[in-house]
Structures are given as C-alpha cells and as structure tokens.
Amino acid sequence: MESLFSLLKGTSFEVPEPWPETSAYALSGVAKERGAILAGKTILMTEDVVTKIFQAAVSVMDGADNLFTVEAKLTNVVRTAPEGVTRKALEKRLAQVSRNAGFKRKREVNEARSRLRDACAIVILITVGMRISELVSIKAGGYRHESREDITLYFIEAHVAKTGDGLSEFVAPEIAIRAFRVLEQLSVDLRARHMELLDATRISGDSHKYAELIAHEQGLFLAKSNKNGTISTHTGMNVRLKAFVAGLGIDWDFNSHQARRTFAVNVARSSRGDLMLLKEHFKHWSLDMTVLYAAHESADEELWDCVYDAVSNLRVETIGRWLGGNALLAGGLAHRMMTLRANDEDVKVYGSREKLIEVVSETVNIRSTGVAWCTAADINCGGGYGMERTRCADCSSSVIEASPHQAKWEAMLIQQLELKELSDIGVAAKERAERDYQHCRQVLTDLGCDVDALEAEPI
Ligand code: SF4
C-alpha cells in the first residue's frame, strides 16, 4: 500500500496515504518487537498537512508589509485629524482607508494583525522545533547569526523552562528569522507601552508589580487585557493556533507539540538527505543538521533527544528492511546484508532476528547519497553527491534499494547510453561511459529490473 501510494502520487491514479499517522512497520508490531524507540503520544503531522499549514502561514506572512502600510495610514489619519473632529467622522475616515486597502471594516485590520502574529508563530514552531512556552518567551533582538561552510546559520534565543535549562539557543532557518522580524514590528507599540508601564512602576517603588512586569520585557507575544489594560505575555497561543489551522479548512486537530515532533523527524531525515518537505526554506539543511544539533552547546537538550530518537527510529527501520524483509538489494554491502538476512546462524548468535537488527543498527551509520545508502565514515569519497555518483554501485559501503533509489539509476543508465553514442568525447570519456553504464546495469539487474526492456523503451 505504501509503495502504491508513493508510486502513484501525482498521477490520475493517486490513492490516499494508507496510514498517514504511522507506518506499516509500526502497525505490524514488528517495530515494537525489534525494540525500536517508538514515537511518543504526539501525532506526527503528515507531509501534506504540514505543507498546507506552512504554506498558508508563509502566505499570510508575505502580506505583512501591506498590513503595516495600511496601519501606518490609519495612524496618520488619527494623527492629522483636524481639531474638534467628531468621533463619528473620524471613524468614517478610518473605515474608508480600511476599505481602500481591501478590508471591509477597520476591525478586520486588527484581526489581520492577530492572524499575522499566529502565522509567524506557526512558521517558527515548524522550522525551529520550540515548545509553545519557549516561543512566547522570545524577546525582541533575541537572535544572532554566524557563518559556517559559506552558509549563514541563525540562532534564536528562548527560555526553556520545562527542563530547567534556562536561556537556550535554537538553530533557525532564514524564514524563521523573517517571522521573528515581523513579530518585532508587530509588537513595537505594545512593547513601548509596556516599557512606559515598567518605568512608571520602577519609579513608584512597587517592587512586587515591577517583578511581575519585567518578566514580559521586550516580549514578542505581548497582549493587552481588555479588562484592566495590563500588558503581559499571551497565554492562549495554543488555542489561537488551533483556530488558525481550523480556519484554513484543513481537517486536522493541530497541537503545537506536533510541530516539534514533525521538526525532529525532519532533522533526522536531513541526515539521510531525504528531506523533501519545505526544502527550499531549509537551505542550511544541506549540512547534516543532526551533527549541528549534537554539537551545539547551548541548545535545548530535550529537543536534541527528540531528534536523536527520530534518527534512531529511521535507522532501525532501514536496517530492519535490509535484514528483515525479502526485497532485493544492490550495492557493495548488499550481499553481506542479504547473507545476514538468510543466515540463521547469526540470528542464533544474537538470540533473535530483532536483536540482530538492533545490534547492527547501533553500529552502522547510514546517510543518504541520493543514489544509495552509504555506511562509510568518510563522507568525501567523491561518490554519491560528489563528482561520480555511479561510484556507489559497487562500493563496499553501499546499499541500494528499489525505493528510493531505482529511478535514479534508471535515469543514469539512459544518460550513459547517450554519452556512449557521442563521437567527440575522446577514448577516456567513452571508456568511462561504458564503465558507468555497466555499473548502472549491474545495480538495476540486482534490483530485479529488466534492463533490456528498459533500454528498448523510447526515451
Ligand atoms: S562510493 Fe561508497 S563511500 Fe562513497 S558515497 Fe558511495 S557508498 Fe559512500
């Protein structure tokens, strides 16, 4: 069912995702038997759902400048109103300016503000992995950037109360910083008003009230109470975000913690290079983000634990497929894996196949090269994502599976066929094309593909 879903996606025969909140591996109970670290109670958002929510949030964020322009015009109307103007006349003028900007009434501008704040919150939650309590603790100016390997990395500072870590840094993509800046702009007035209150309280000597107020200083999620005008950090963001998602017409019961788990799984996927979701927004995820998280000293440790769990799950799942299934494998390590799979002696040594999978997955490191799973420690060999993709074909560290690799080997085979036909590339290039062509043939044959039939198909 999973293969059908994946193969038919985007065609007119598309079928619904069979079990969007889990996997065949988990449903079968095999994962549990094999001691895989199963995910917590929080449901993982499906790729489809998270993409829709994220895209909607980004599109609201894209309208920020427009909203700020309208607000500036409204402020100007009030500021330049002639002396003695009646309230009714002023409201009429404000309503006119709102309508000119596409809002039915002035109230809609305020609603758009709240919506913009919620959209920014969603963008940060999904791309940074914070808890909601950490999100509402972020303060104006609380981010920094640094360059590594020609890539700019951003870090957002937040207060981690749950684990008692205090101020911690979260690695953030550029789009999260964009959301951060919009939040800064959105909160300018409330922060200024809050500072006035803070100063007045300090001068009055009310230390109790001052201590209460200072906790919210420069917060990006300040709200003003309609009851008594107090300004403090918003306490109902989870409910607001639920409503934001419901308002998109997406049939999904959103909970901010789902964004954190989704984030952890995406970081884990980034280590395998199979992160498709939101890839353009995660440019610096071309680095192995798991390494970055593990090495970042002031990062939230529990978030790293979530990421580590997700990495372990993916690894056990992959090794489980190699050693527990019956699918054909190609690559230099495939033979060894298939022998382990078939050899009951090894199973006896470890007590059970599940234990064998667990032990192997603890010792084998897997990263994706796009065309194979690479288990080598050296990541600069030139194969895979390097200059010579076909090198993974018979490398002793590679395992190649029908999904997700076969389509790439088919494409490379066709490319080598075309190269071989060229008459002006020189002897060496021709020999190399022949060698790589044979590599592709071998991989595809090992995966059970009818290569002659494939070559006979019109391109
Ligand atoms: S050639 Fe071998 S070591 Fe190099 S990327 Fe491919 S599998 Fe890894």
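Which residue of β3 stands opposite His159? It is Leu167, and the pair belongs to a model that is predicted, where local features need pLDDT of at least 70, side-chain atom pairs count only at pLDDT 80 or more, and totals for chains, interfaces and linings use all residues. Residues are numbered from 1 along each chain as its sequence is written. Helices (H or I, at least four residues) and strands (E, at least two) are DSSP runs, numbered from the N terminus.

The sheet behind that opening pair is an open one of three strands, in the order β1-β2-β3, with antiparallel pairing; two strands pair if DSSP finds at least two bridges between them. β1 (143-148) and β3 (166-172) sit at the edges with a single partner strand each, so one side of each has no neighbour in the sheet. From one strand to the next, the twist averages 30°. Six bridges hold β1 against β2 (residues 151-160) in the antiparallel sense. Across this pairing, Arg144 stands opposite Phe155, and His145 stands opposite Tyr154. As a reminder, strands of a sheet pair through backbone hydrogen bonds, either parallel or antiparallel.

Now for a helix pair. α6 (residues 87-100) and α7 (residues 106-128) pack at about 55°, their axes 8 Å apart. The two helices are therefore oblique to each other (under 35 degrees counts as roughly parallel, over 145 as roughly antiparallel, 65 to 115 as roughly perpendicular and the rest as oblique). Leu94, Ala95 and Ser98 of α6 meet Lys106, Glu108 and Val109 of α7. By class, that contact has three nonpolar, one polar and two charged residues, where Ala, Val, Leu, Ile, Met, Phe, Trp, Tyr, Cys and Pro count as nonpolar, Asp, Glu, Lys and Arg as charged, and the others, Gly among them, as polar.

Helix α10 (residues 188-204) runs for 17 residues and spans 24 Å from first C-alpha to last, close to the 24 Å expected (1.5 Å times one less than the number of residues). After α10 comes Gly205, with a positive phi near 85°.

Most residues other than glycine have a negative phi, and most peptide bonds are trans. Gln218 is not a glycine, yet its phi is positive at about 60°; this residue lies in the loop between α11 (207-214) and β4 (222-224). The peptide bond from Ser403 to Pro404 is cis, with omega near 20°, and Pro404 is placed in helix α19 (residues 402-421).

A second open sheet has four strands in the order β6-β9-β8-β7, also with antiparallel pairing. Its edges are β6 (329-330) and β7 (367-368), each pairing on one side only. β7 joins antiparallel β8 (residues 373-374) through two bridges, and Ser368 has Trp373 as its bridge partner there.

The ligand's surroundings include Thr369, Ala372, Cys374, Cys381, Arg391, Cys392 and Cys395, a residue being near if its C-beta atom, placed from the backbone, lies within 6 Å of the molecule. The shell as a whole comprises six nonpolar, five polar and one charged residues.

Notes. Axes are lines fitted to C-alpha atoms, for helices over the stretch in contact, and angles run from 0 to 180 degrees between N-to-C directions. Two residues are in contact if their C-beta atoms, placed from the backbone, lie within 7 Å.
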